[in-house]
Number of protein chains: 2
Amino acid sequence: MTERLTGIKACVFDAYGTLFDFNSAVARHREAIGPQAERLSEMWRGKQISYTWLRSLAGTYAPFWQVTGEALDHCLEACGVTAAGIRDRLMEAYLHLDPFPEVPAMLAALRAGGMRTAILSNGDPQMLGAVVRNTGLAPLFDALYSADAVKVFKTDHRVYRLATDGLGLAPHEICFLSSNGWDAHGAAHFGFQVCWINRTGQARERLPGRLTRELTSLQALPSLVLP
Amino acid sequence: MTERLTGIKACVFDAYGTLFDFNSAVARHREAIGPQAERLSEMWRGKQISYTWLRSLAGTYAPFWQVTGEALDHCLEACGVTAAGIRDRLMEAYLHLDPFPEVPAMLAALRAGGMRTAILSNGDPQMLGAVVRNTGLAPLFDALYSADAVKVFKTDHRVYRLATDGLGLAPHEICFLSSNGWDAHGAAHFGFQVCWINRTGQARERLPGRLTRELTSLQALPSLVLP
């Protein structure tokens, strides 16, 4: 039923939405935000990602921290959220996102099985460093690859190539994990073996790139890729 | 109060959302679609645009007609809309979108004043040709420029350059009109004088590119650009 993936030499994870729950930022300040909290969280994430695509297309890269703040400014205005200091508190919360519950044990199992692990994210190095440090997960990764190194965001292939170059592996030797359907398809089009972590039962994206697996969480990953 | 724009030699319009109301497609089939109609229309537009950005980023261009259909497939599934034949009916409706009410008289006034007019759109030539023909507006444009000519979508600068090259004008001699904030900013970053037609009171986008004006409809355009 869960046929193993063959020839996997490293597992490379998207960060936001895949390992770390971006909704946990708004959740921490739900009372201060009020009834717009859920809408704000969803809109913030969508706008943040839109801005990465648009800046990549127009050749106007800016670090993900800046883009995340600009997206938040738009969404706070759009949602009419004016609570004092809320911008700074939400940005700070973005450095302390909760990992999804299965993540620590899953990573430990991969490492115990000798699998190499890395993050490949739009997040700039300071953001990524902070979130893995703050969650205690830093020792469980061999490397953190940031789009900042190539000054363009996913799904530009130069971003995915950071992982193959950094790990010295061919694309098909890497199992890439993302909860973001668009990222999963972009990574599959690049050549990774991709598991789409469809945590919330989203309809599949109609985009190029053939997904290898669709899973509802990362829990089963060790059994899929370890020998 | 409404200080005129100077040195404008042509007005170039985005099509969908700016001249033509994409909500009018779903509106025509509201009964068949049911209570999800409004959500479907908004999601369809958002997904369609996302797919253009993602295909541009990954270098996997496909004609806007195909992308529009793929976005619709995703959204029909996501919204659980299964009415018989609804995909074909909505795609057909996309070729018969209503122009916004002020559009015909505004275009006629520009032409009467000697202003050159064009459309610059992600839409492929067949789609654009059909919608201007079906709305009777075809005689009011000097040219229809389609992203299909460069096989990439907005906000890639190669798309905006179709208008400067085609009209033989410098960017600042063109007044570009778009209801899509992201398109307005992309076009402003390219160098057009841009009026953002903010029909629905959206919060402004935090993106590069300085907008020249923000208007609530196209009605005032002739008085802004004609001598």
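## Interface between the copies

Of the interface residues of chain B, 100% are also interface residues in chain A, so the copies meet through the same surface. The model described here is predicted.

## Relation of the two chains

Two copies of a chain are related by a rotation about an axis and a shift along it. Here, chain B is superposed on chain A by a rotation of 180° with 0.0 Å of shift along the axis, at an RMSD of 0.0 Å. The two copies are thus related as by a two-fold rotation axis.

## Burial of strand β7 in chain A

Strand β7 of chain A spans residues 193-197, and five of its five residues are buried, so the strand is largely enclosed by the rest of the structure. Buried here means under 20% relative accessible area.

The burial applies to both faces of β7(A). Gln193(A), Cys195(A) and Ile197(A) lie on one side, Val194(A) and Trp196(A) on the other, and all are buried.

## Strand neighbours of β7(A)

Strand β6 of chain A, residues 174-178, pairs with β7(A) in the parallel sense over four bridges. Within this pairing, Cys195(A) of β7(A) stands opposite Leu177(A).

Ile197(A) has Leu215(A) in β8(A) as its bridge partner. Cys195(A) and Ile197(A), which take part in these pairings, are on one side of β7(A) together with Gln193(A).

Terms used
Residues are numbered from 1 along each chain as its sequence is written. Chains are lettered from A and ligands numbered from 1 in the order in which they are written. This is a predicted model: local features need pLDDT of at least 70, side-chain atom pairs count only at pLDDT 80 or more; totals for chains, interfaces and linings use all residues. Side-chain values use heavy atoms; hydrogens and water are left out. Copies are superposed by least squares on the C-alpha atoms of residues with pLDDT of at least 70 in both. Contact means heavy atoms within 4.5 Å. Buried means under 20% relative accessible area, exposed over 50%, partly exposed in between (1.4 Å probe, protein chains only). Helices (H or I, at least four residues) and strands (E, at least two) are DSSP runs, numbered from the N terminus. Two strands pair if DSSP finds at least two bridges between them.
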